[in-house]
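Dear colleague,

Please read them with the coordinates open.

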Amino acid sequence: MSAGTPTPTGTLRVRLDLRYDGTGFAGWATQPGLRTVQGTLEEALTTVLRLPAPARLTVAGRTDAGVHARGQVAHLDVPREAWAALPGRSDRAPGEALVARLAGVLGRGAHPRGAGDVVVWRAAPAPAGFDARFSAVARRYAYRIADSPGTRDPLRRHDVLWHGRPLDVAAMDLAAQWLLGEHDFAAYCKPREGATTIRTLQVLRWERVPEADGGLVVATVRADAFCHSMVRALVGASLAVGEGRRPVDWPAAVLAAGRRDPAVAVAPAHGLTLEEVAYPPDAELAARAAQARNVRTAARPAPRARAGSRWQPGTMTEPAEDTPATSPDLQWPGEGDTRPALQGGHARGAGGRRPHRGGVLPAGARPAARPEPHRARAHRGPHARRAARGGGAGGLGRSRGGRPVP
């Protein structure tokens, strides 16, 4: 096996697909004296497999305390004899036997009986070259918000943020489009020594789901990988736009600054769920793992708002000043489009136009006027002053030291 993660001799690499409610866990990673998903699962695996040494898991996404997972993936290397012995006298496959035995161990002592807060629902031998972490090509998260009394469901209070103000979802979605692409997301990440903050944000979309599904405001966030607190910081910046405390171009201005902005509050963890981890075809797993291990050191420049500039939402590039507005490379608001155009720094309301995600400016249509670039001290209304002190709405806040609460 290539990519620097060879399977030890006499062992079999096993892929585990799992789900968990993060409420009762101090995150994924093992921590002394704390209950974590990794620690709980490794202890159960060691017991079920009767291993002489503790099991060691590699995971696709190391979630923070309180974050949930519906599509988490992990792997471990199991002695072949232990794998073959799992069915015992039954006619079940080893993977089925492992899932059944783990359910019994993980559900022990749960209330109601057997309903544990972590579930392994599939276990199977992994393809050659598979690495749960480095072979992944994307992780997809969802962040769910109830922004009105009618959308607050007590049965979902552990995975939905109850927000105190109605949100302008169109403005949030428009602001999100300017963050897509490969960039250094240092402004939205908690720094870790020796770790890169360059990521490719593939999808950041805000929408309100139908009332039949709860009427929630939901963010879909997908990237090749995420740095620490990145998703929740992006959500925090979006909330500031949705409340009207910041203009639509503010999240992009924060990104361009390249450093943590104290005005960006990190959204509470419980609204976030890891929904899916995507992998390439089996034949490309090892090559993908090798590629992912290469530390990225450069990225395309982040967008910088400039009065009168013509932006391409979603591509994060600006055309040359002499590029004609009718160029097929441009993506501008046009007749009949459905995405909100900028107007004075904010998205237009119901019935307003939206800039193209793709396509050409129709003949005779004019591009929407770009707002003046946002400057941190230009907005000093009561909401801005409150945000600067760390008192945002919807549960966002600061520690006494002025840093965002994780």
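The axes of helix H4 (residues 169-177) and H5 come within 8 Å and cross at roughly 135°, where axes are lines fitted to C-alpha atoms, for helices over the stretch in contact, and angles run from 0 to 180 degrees between N-to-C directions. That makes H4 oblique to H5, since angles under 35 degrees count as roughly parallel, over 145 as roughly antiparallel, 65 to 115 as roughly perpendicular and the rest as oblique. Helices here are DSSP runs (H or I, at least four residues), numbered from the N terminus.

This is a predicted model, in which local features need pLDDT of at least 70 and side-chain atom pairs count only at pLDDT 80 or more, while totals for chains, interfaces and linings use all residues. Residues are numbered from 1 along each chain as its sequence is written, and side-chain values use heavy atoms, with hydrogens and water left out.

On the H4 side of the contact (heavy atoms within 4.5 Å) are Ala171, Met172 and Ala175, which meet Ser238, Leu239, Val241 and Gly242 in H5. The residues of this contact divide into 5 nonpolar, 2 polar and no charged, with Ala, Val, Leu, Ile, Met, Phe, Trp, Tyr, Cys and Pro counted as nonpolar, Asp, Glu, Lys and Arg as charged, and the others, Gly among them, as polar.

For helix H1 (residues 37-49) and helix H3 (residues 94-106), the axes come within 10 Å and cross at roughly 120°, which makes H1 oblique to H3. Thr40, Leu41, Ala44, Leu45, Val48 and Leu49 in H1 meet Leu98, Arg101, Leu102, Val105 and Leu106 in H3, a contact with 9 nonpolar, 1 polar and 1 charged residues.

Best regards

Note on methods
Helices (H or I, at least four residues) and strands (E, at least two) are DSSP runs, numbered from the N terminus.
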